[in-house]
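The sequence and structure come first.

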Amino acid sequence: MKNRFYISITDFRGVKCYSFDKIIKKYLFVVGSLFFTGLVLLVIMIFVLKDKVDEYSYFKLENEKLYTQIEENRRNLEEKNLELENISEKITEIERLMGEDTVANSVNLNEIERLDLTKLNIIDKKYLLQMIPNGNPIAPFKGYSSGFGGRFHPVLEQRKFHYGLDFVAKVGTDILAPGDGIVEYAGFNSGGFGNLIILSHNFGFKTYFAHLNEIDVSVGDFITKGTVIGKSGNTGRSSGPHLHYEIHYLGKRMDPKNFAKWSLENYDYIFKNEKGVKWQSLIEMTKLQTQIIQQKN
């Protein structure tokens with residue numbers, strides 16, 4: 001009887017006794033303890049999860065605030081880039097207007113000076129064409145879609161001066177270096193050019209290649225004329241696949257078409273049509289350099 005215990009229940013009909021094994025009592029005690037422990041652990045887990053959820057919600061809110069700030073900063077940066085671009089265009093236009101007298105003086109070259117510009121042997125001519133950008137920087141050449149000068153911008157939908165020459169090109173067309181040079185910039189430009197390559201050439205010339213789909217050179221690379229430097233595309237502020245091509249001389253933008261039409265077969269073209277360069281002094285320097293090269297050889 002020692003392993004049993006009794007429970008008596010009294011009601012109006014009398015007294016009833018129930019007996020249980022003490023082992024069952026122990027099992028019930030263990031089960032009750034486990035249930036209570038589990039309940040306590042569940043409550044603790046709920047509080048821990050609540051803290052984690054609160055922490056996640058806090059960081060999510062902070063990330064949203066940070067993302068909003070980044071987007072606002074990006075929009076402000078784009079607006080500043082547009083303002084700087086407009087200011088740059090206005091400055092360039094002022095410089096162009098101020099420099100009209102200089103260009104006019106260049107046009108008044110006498111016939112002897114004109115002849116001196118073209119008195120170069122074949123070695124001098126090839127050297128000049130190797131050093132200064134010339135020809136079409138794209139293969140195959142499919143024509144132009146927009147020239148240098150005033151136009152209605154297809155993306156900004158306003159009248160703006162177009163400082164480059166747009167070549168018709170589907171995505172993936174080879175872009176060629178128009179002269180020997182060094183890669184000054186190769187990467188994404190947030191000012192509207194998209195993927196951009198800038199080559200620095202001799203005698204103060206630079207060339208810009210914008211909206212590229214692929215860049216195949218790195219900053220500091222030395223590039224020879226005709227090298228494939230990238231592929232055309234539609235990145236940046238662009239309304240369709242094409243190559244935007246610019247030529248800068250001493251910081252001033254030139255009409256790229258004059259240089260694109262310049263070749264050994266059409267050698268005098270550049271001297272007759274591009275008056276913003278002091279060709280006479282440049283050619284004298286070219287002659288001196290080719291003489292030094294020939295003497296070394």
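Is Glu62 buried, partly exposed or exposed? With a relative accessible area of 30%, Glu62 is partly exposed; buried means under 20% relative accessible area, exposed over 50%, and partly exposed in between, with a 1.4 Å probe and protein chains only.

## Basis of the model

This is a predicted model, in which local features need pLDDT of at least 70 and side-chain atom pairs count only at pLDDT 80 or more, while totals for chains, interfaces and linings use all residues. Residues are numbered from 1 along each chain as its sequence is written, and side-chain values use heavy atoms, with hydrogens and water left out.

## Overall composition

The protein has seven helices and 15 strands. Both are DSSP runs numbered from the N terminus: helices are H or I with at least four residues, and strands are E with at least two. Of the 297 residues in the protein, 30% are buried.

The accessible surface comes to about 18900 Å², and carbon and sulfur atoms hold 59% of that area; accessible areas come from the Shrake-Rupley method with a 1.4 Å probe, and for residues only the protein chains shown count as cover. Among contacts with a separation of 6 or more, 61% join residues 24 or more positions apart, a contact being heavy atoms within 4.5 Å.

## Salt bridges

A salt bridge is a side-chain nitrogen of Lys or Arg within 4 Å of a carboxyl oxygen of Asp or Glu. By this rule the count is five. One of them joins Glu62 to Lys65, with the closest N and O atoms 3.9 Å apart. Glu62 and Lys65 are three residues apart in helix α1, so about one helical turn separates them.

Lys231 and Asp174 form another salt bridge, at 2.3 Å from N to O. Because Lys231 lies in strand β13 and Asp174 in strand β8 (residues 174-176), this pair ties together parts that are 57 residues apart in sequence. Lys231 is partly exposed at 21% relative accessibility, and Asp174 is partly exposed at 24%. In the salt bridge of Arg253 with Glu246, the closest N and O atoms are 3.7 Å apart. Here Arg253 is partly exposed at 23%, whereas Glu246 is buried, with a relative accessible area of 3%.

## A buried charge without a partner

Asp124 lies in helix α4 (residues 122-131). Asp124 is buried yet has no salt bridge, and the nearest side chain of opposite charge, Lys287, is 5.9 Å away. Apart from neighbours within four places in sequence, Asp124 contacts Tyr267, Thr286, Lys287 and Thr290.

## Strand pairing around β11

Two strands pair if DSSP finds at least two bridges between them. Strand β11 (residues 205-215) pairs with strand β10 (residues 194-200) in the antiparallel sense over five bridges, and the bridge partner of Ser200 in β11 is Lys206. β11 also pairs with strand β14 (residues 242-249), again antiparallel, over six bridges; Phe209 stands opposite Tyr245 in β14. A further antiparallel pairing, over three bridges, is with strand β13 (residues 228-232), where Ser232 is the bridge partner of Leu212.

## Backbone geometry

Most residues other than glycine have a negative phi, and most peptide bonds are trans. In the hairpin of β10 and β11, with four residues between the strands, Phe203 takes a positive phi near 65°. Phe203 is partly exposed at 21% relative accessibility. Leu250 also has a positive phi, near 55°, and is found in the loop between β14 and β15 (252-254). Leu250 is exposed, with a relative accessible area of 61%.

The peptide bond from Ala139 to Pro140 is cis, with omega near 5°. Pro140 lies in the loop between β3 (138-139) and β4 (144-146).

## A nonpolar patch

Phe35, Leu39, Leu42, Val43, Ile46 and Phe47 make a nonpolar surface patch of about 610 Å². Patches are made of residues with over 30% relative accessible area and no salt bridge, with like charges joined within 9 Å and nonpolar side chains (Val, Leu, Ile, Met, Phe, Trp, Tyr) within 5 Å. Val43 is found in helix α1 (residues 22-98) and is partly exposed at 37% relative accessibility.

Terms used:
Lys and Arg count as positive and Asp and Glu as negative; His and the chain ends are not counted.
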